[in-house]
Amino acid sequence: MNRTIVGAFWLVAYLIVIVLPLVVVMLPPTPSAKPFWVEFSLALGFVGLVQIAVQFVLVARYTAVTVPYGIDLILKYHRQIATVAIGLLVAHPVILVVHDPALLTLLNPFAGTLASRIGNAALYALILLALLSVFRKRINLDYELWRVSHAILGIVAIVLSHWHVVLVGHYTGTAWKENVLIAISAILVASFAYLRLIRPALMRRTPYRVAELTPERGQTWTLALDPVGHEGMRFAPGQFAWLKLGDSPYTIEEHPFSFSSSAQTPGRVAFSIKELGDFTNRIGQVPIGTTAYVDGPHGSFSPDHEPAAGYVFFAGGVGIAPFVSMLRTMADRGDKRPITLFYGDVTWDEVAYRDEIERLEARLALNVVFVLEEPPEDWTGETGFIDADALARHLPAGDVDRLYLLCGPIPMIDAVENALRSRGVPMHRIRSERFDLV
Amino acid sequence: MRHVYVNRAVIVLATLLVVAALLFAWARSEGLALALLVDQRLLERETETPIEGTAGDDGAARGEDVWSAHCSACHARLPHVPELAARAGGRSYLIDLVLFGFEGEATIDGERRSFEHPAFGDLADADLAVVLDHTLIAWDEDDTSDDVDRYRPEEIDEARDRDLAPSEVAERRQDG
């Protein structure tokens, strides 16, 4: 179906769900009215609560929901809107106390009513969840442990919040309203069970095995997987998948990687993995034949999703992976649309896939511009970082019909985006893959 | 560069949520009361309340004024008051309800739910008496206003000595 229509549909559904509690509360029998600031505070509580519950849908990786927007953007949105929601929920008791300082005792976790203590506990759970997410790296919290704590704290906060609402009772005095509000949250949270329980069960039917592990330049590995007993998956070049290694698809250890193989060859899929952390540093020692599960394809960073007369790719380091897939796919298709690839890295020896890219130049209308931070002495190409001058030297003046795809470290993406904007490239022709998941 | 759209979407959504909450609060504390007031005026016109039949009776006119000023913000109409007054202790329970407020559970239209009512003890005894009379006769379709046992200001004055808490008023309600 048309991605715009699907996107609009989910947006409308989202907008309806997030204000639904206020509508439910307003339905007769309406509770007796309170002063403005009290009503405002409680409305913030309700919209904040349902917004937290919606987060479980956002992160559940429903392809139907995420494809129109791109899952990386959904996850970025998740981080920001969840912060807003927690802010609204914190404002809820604060406004009550500012409106009537006599209520200050309700903020004391050891005093106040049972309702206020449960409400406080829900808030503390959310604040702890947010702090752990922001400071995970600084306090060296294990990624898997963080994910478990993140889910548990989120669910605890929602359960406690509903308990708080029921105890206060004023706005949901009638049983059916309580049930409707709890049902809304339950349905939203249940989507999370889909991600963690039903989806792995489905993945069990489509296992892969590690077929080949090839070292590339720049501490990068190509991990090739063969489907076992099924056809494999169709993906668009530029997409990525969450990879789980080992016999159980229920493992919580999973990592997102871009496909680097051609989308035109069915069956075998390959990923590019750079040694950057605990999991990736060990990738070279994974035994051939290890069982693997692939949750994908995800993402909308693909020329297949954005037809254009030509493309300009910007890769920084291992950010080359999705472009390798794009170039291989376009070569297999005999696609002769003009492509300029800016590929920035530190040293010439570290430039992963450079030999293959040079070979692909012969099969494509491809112009590759390597930009090296630390070039060898006899280097005649671009040096430093990809900047406006480099763009001016290598891009035709009338290139506005092309689509600009960027993948790499955040500072590189920011710098190139600014350079493109100053060249007059409109924002809607620039696509960036920023994969900084927590 | 679409991440810029995410920032914008978050700002728009956050604004929308706060505006929705403001609208809700306004509707509940002001707008809804205004709407109910209009509603009540329409109802009065349509049902030709018996108030008109007692025109010239200062008590009834005053009762209607007090109702408009203090009750109509929340109540459009209260046709079940005569039935409440007829229950055991109902007459004095109604006095306690307006004097001291109510906080607890009540059975309304066959359904048990939590319920609150503000205290109007700072109104004059005479005003409370006439507004209670108003609730007894205003929606009585049989127009038995002449037979109604009207509240006397002295009754209200005596009741003040009970000095109940809203939750105690709730306990005094007879819900069969």
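Predicted model: local features only at pLDDT ≥ 70, side-chain atom pairs only at ≥ 80, totals over all residues.
Let's begin with the layout of chain B. Going from the N terminus, its elements run α-α-α-α-β-β-α-α-α, which comes to seven helices and two strands. Chain B has 176 residues, and 44% of them count as buried. If you look at its contacts between residues with a separation of 6 or more, 67% come from residues 24 or more positions apart. As for the surface, chain B exposes about 9,300 Å², with carbon and sulfur atoms supplying 53% of that area.

For a local example inside chain B, zoom in on B:Leu132. You'll find B:Leu132 in helix 5, which covers residues 125-137.

B:Arg112 counts as partly exposed because its relative accessibility is 46%. B:Glu105 is partly exposed too, because its relative accessible area is 44%.

Now for the place where chain B meets chain A. Here 28 residues of chain B are in contact with 44 residues of chain A. Between them, the two chains bury about 3,400 Å², and carbon and sulfur atoms give 70% of this buried area. Salt bridges between the chains come to a count of one: the side chains of A:Glu39 and B:Arg28 meet at 3.1 Å, N to O. There are also two residue pairs in polar contact across the interface. Which elements of chain B give two or more residues to the side that touches chain A? They are helix 1 (3-47) and strand 2 (111-117). Helix 1 gives the most, with 22 residues. Sorted by class, the side of chain B that touches chain A has 18 nonpolar, four polar and six charged residues.

Searching the whole structure turns up 26 of them over all chains. One of these joins the side chains of A:Glu254 and A:Arg61, at 2.8 Å from N to O. This pair ties together distant parts of the chain, 193 residues apart: A:Glu254 is in the loop between strand 3 (240-245) and strand 4, while A:Arg61 is in the loop between helix 2 (36-58) and helix 3 (63-66). Both A:Glu254 and A:Arg61 are buried. The pair also belongs to a network of salt bridges that links A:Arg61, A:Arg147, A:Arg196, A:Arg199, A:Lys244, A:Glu254 and A:Asp295.

Another chain A salt bridge brings the side chains of A:Arg217 and A:Asp355 together, at 3.2 Å from N to O. Again the partners come from distant parts of the chain, 138 residues apart: A:Arg217 is in the loop between strand 1 (208-216) and strand 2 (220-227), and A:Asp355 is in helix 10 (residues 354-360).

The last stop is A:Ser260, which is found in the loop between strand 4 (255-258) and strand 5 (269-274) of chain A. A:Ser260 has 0% relative accessibility, so it counts as buried. What does A:Ser260 touch, not counting residues up to four places away in sequence? Its contacts are A:Ala270, A:Phe271, A:Ser272, A:Ala321, A:Val324, A:Ser325, A:Arg328 and A:Tyr353.

Terms used. Residues numbered from 1 in each chain as written. Chains lettered and ligands numbered in written order. Heavy atoms only, no water. Helix = DSSP H or I, 4+ residues; strand = E, 2+ residues; numbered from the N terminus. Buried < 20%, exposed > 50% of the residue type's maximum accessible area, 1.4 Å probe, protein only. Contact = heavy atoms within 4.5 Å. Salt bridge = Lys/Arg side-chain N within 4 Å of Asp/Glu carboxyl O. Areas by Shrake-Rupley, 256 points an atom, 1.4 Å probe, with all protein chains shown as cover. Buried area = accessible area lost by both parts, 1.4 Å probe. Polar contact = N/O pair within 3.5 Å; in protein donor to acceptor, adjacent residues only side chain to side chain. Nonpolar A, V, L, I, M, F, W, Y, C, P; charged D, E, K, R; others polar.
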